[in-house]
Amino acid sequence: MIDCQTLDPLVTPYVDGELDAASRDAVEAHLGRCAPCHSRVAAEQSVRDLIHAHQDALTSSGASPALRARCAAAMKRAPQARSWRARATPFALAATITLVVGGTFLYQVTDRSARVMAAELTADHIKCFGMNRVLGTHDSAAAVESSIGSTFGLRIGLPDQPQQAGLELVGERPCLYGEGRVAHIMYRHNGHPVSLFMLPKTTRPDSVVEVMGHEAAIWSSGDRTFVLIAREPRRDVEQMAGFVHAALR
Amino acid sequence: MRQGLRQQAAGFEAEALVFVDSLYRTALRLTRNPADAEDLVQDTYLKAFRAADRFEPGTNLRAWLFTILHNTARNRARDRARDGVLVDSEAAERAAELAGGPARDASPEGRETPESRLVRDTMAPDLQAAVDALPDAFRQAVWLRDVEEFSYAEISAMLSIPIGTVMSRISRGRRMLYDQLAPTRSAALSGKT
């Protein structure tokens with residue numbers, strides 16, 4: 001049987017309708033014979049009812065449009081997982097993308113800001129495309145995968161049917177930049193060069209960074225980080241990154 | 001499956017923004033200052049977005065955001081405490097215990113007691129003022145339960161306190177509101193004046 005002391009922790013869940021039937025009956029039996037407890041429960045119940053009655057008034061004020069905009073902007077700015085992947089889902093790449101695998105360079109992959117890393121890779125992207133007349137060539141996926149394997153000791157699975165997304169795999173050749181730990185894969189999209197860098201044994205938060213007029217989408221998969229760079233609208237870069245992320249094996 | 005995950009993520013930003021009003025209201029109760037409340041809410045979205053991959057699809061996004069809001073507010077309070085401005089919710093709780101919720105005398109007949117009717121006549125601004133005047137620990141618990149309608153378990157996670165403490169804070173907070181809003185009546189009924 002419930003006394004005043006054992007009733008105490010049951011009052012709030014009783015008022016909130018959170019008790020099971022047996023406990024509820026026990027509480028009500030006690031309330032029926034204990035006026036002080038009855039009064040206490042009535043007081044708590046009445047405040048709860050009062051707040052509920054005024055809920056509309058209590059919740060009538062809200063965030064200002066300015067705050068809403070700030071929050072939306074905060075999410076867009078934040079280096080974050082999946083932000084651009086989220087927007088990249090409906091991928092419909094109409095243009096031909098050519099793929100070239102470039103050469104090798106050593107890259108200090110740790111403790112650099114995303115912006116510094118993106119800037120160096122963008123410089124490499126510009127230099128590599130400027131120096132090599134490679135965009136008219138075409139290699140099979142197997143040849144490129146094999147080349148990456150022998151050059152970098154890395155295994156990568158390129159998309160089986162890239163043409164489904166308007167992709168064309170062109171070829172690979174070494175970049176002049178660096179000494180061997182980062183794979184530089186080159187694409188073409190809408191006539192513009194696109195680079196994909198693969199950095200082994202490093203992970204980074206997802207983000208999209210603007211550097212030197214280019215957009216760089218950064219993401220990690222397993223223990224590898226990928227950076228896709230192009231001088232194209234952010235939306236297009238996000239779409240390409242989303243496709244590549246989904247299609248790489 | 002990856003497609004599903006990405007679709008889930010696609011909605012995250014838009015879904016999260018739906019709750020900006022209730023987050024702001026709650027932040028305002030926590031900070032009592034519009035500018036601080038706005039900063040707190042913006043910080044909450046920033047953190048939520050960075051941690052979006054840790055949000056489990058299918059669980060309550062609103063409760064998750066409220067948990068981040070309260071964690072952020074607690075961290076800020078801790079930072080301020082180093083400057084000596086901490087509001088000690090435990091001390092508030094002990095003070096309330098000493099003040100005591102006086103056991104009121106009986107009004108045995110019926111549920112529609114005069115006191116509950118008196119409380120029901122309270123106007124919204126008076127209620128708002130009384131809620132705002134509650135010590136932090138009780139205001140948070142009552143607000144999250146009665147206004148934002150979270151479960152005890154959700155509030156327990158948000159405030160980082162056991163469920164039993166959640167319930168006792170709600171209980172005491174409601175009784176303090178009652179005493180605040182119906183002072184004459186309760187004093188007369190308590191027979192302890």
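W219(A) sits in strand 6 (residues 214-221) of chain A. Helices and strands here are DSSP runs, H or I over at least four residues for helices and E over at least two for strands, numbered from the N terminus. The model is predicted: local features need pLDDT of at least 70, side-chain atom pairs count only at pLDDT 80 or more, and totals for chains, interfaces and linings use all residues. Residues are numbered from 1 along each chain as its sequence is written, chains are lettered from A and ligands numbered from 1 in the order in which they are written, and side-chain values use heavy atoms, with hydrogens and water left out.

W219(A) is buried, at a relative accessible area of 0%. Buried means under 20% relative accessible area, exposed means over 50%, and partly exposed lies in between, with a 1.4 Å probe and protein chains only. The C-alpha atom of W219(A) is 4.4 Å from that of D206(A), and the two residues are 13 apart along the chain.

W219(A) also has an aromatic partner. Over all chains, the structure holds three aromatic pairs. The ring centres of W219(A) and F226(A) are 5.5 Å apart and the planes meet at 20°, so this pair is stacked. The rule covers rings of Phe, Tyr and Trp (its six-membered ring): centres must lie within 6.5 Å, and planes under 30 degrees apart count as stacked, over 60 as edge-to-face and the rest as tilted. F226(A) is buried too, with a relative accessible area of 5%.

Chain B supplies another pair. F55(B) and W64(B) have ring centres 5.1 Å apart and planes at 55°, so they count as tilted. F55(B) is buried at 9% relative accessible area.

M212(A) is in the loop between strand 5 (207-211) and strand 6 of chain A. Its phi is positive, about 50°, although M212(A) is not a glycine. Most residues other than glycine have a negative phi. M212(A) is partly exposed, with a relative accessible area of 47%.

Now the whole of chain A. Its secondary structure comes to 10 helices and seven strands. Of its 249 residues, 52% are buried. Among contacts with a separation of 6 or more, 71% join residues 24 or more positions apart. Contact means heavy atoms within 4.5 Å. A247(A) belongs to helix 10 (residues 234-247) of chain A and is buried, at 16% relative accessible area.

Chain B has another make-up. It comes to 11 helices and zero strands. Buried residues account for 49% of its 193 residues. Of the contacts in chain B with a separation of 6 or more, 71% are between residues 24 or more positions apart.

Which ring does the charged end of R29(B) sit over? The ring is that of W143(B), with the charged end 4.7 Å from its centre. A charge sits over a ring if NZ of Lys or CZ of Arg is within 6 Å of the ring centre and within 35 degrees of the ring normal. R29(B) lies in helix 2 (residues 20-31) of chain B and is buried, with a relative accessible area of 11%. Beyond its neighbours within four places in sequence, R29(B) is in contact with Q128(B), D132(B), R139(B) and W143(B). R145(B) provides a further case: its charged end sits over the ring of Y152(B), 4.6 Å from the centre.

The loop between helix 2 and helix 3 (34-50) of chain B holds R32(B). Phi of R32(B) is positive, near 60°, in a residue other than glycine. R32(B) is partly exposed, at 46% relative accessible area.

Finally, the two chains meet through a helix pair. The axes of helix 4 (residues 35-53) of chain A and helix 10 (residues 163-181) of chain B come within 9 Å and cross at roughly 85°. Helix 4 of chain A is therefore roughly perpendicular to helix 10 of chain B. Axes are lines fitted to C-alpha atoms, for helices over the stretch in contact, and angles run from 0 to 180 degrees between N-to-C directions. Angles under 35 degrees count as roughly parallel, over 145 as roughly antiparallel, 65 to 115 as roughly perpendicular and the rest as oblique.

From helix 4 of chain A, the contact includes R40(A), E44(A), V47(A) and I51(A). Helix 10 of chain B contributes residues including R174(B), L177(B) and Y178(B). The residues of this contact divide into seven nonpolar, two polar and five charged. Here Ala, Val, Leu, Ile, Met, Phe, Trp, Tyr, Cys and Pro count as nonpolar, Asp, Glu, Lys and Arg as charged, and the others, Gly among them, as polar.
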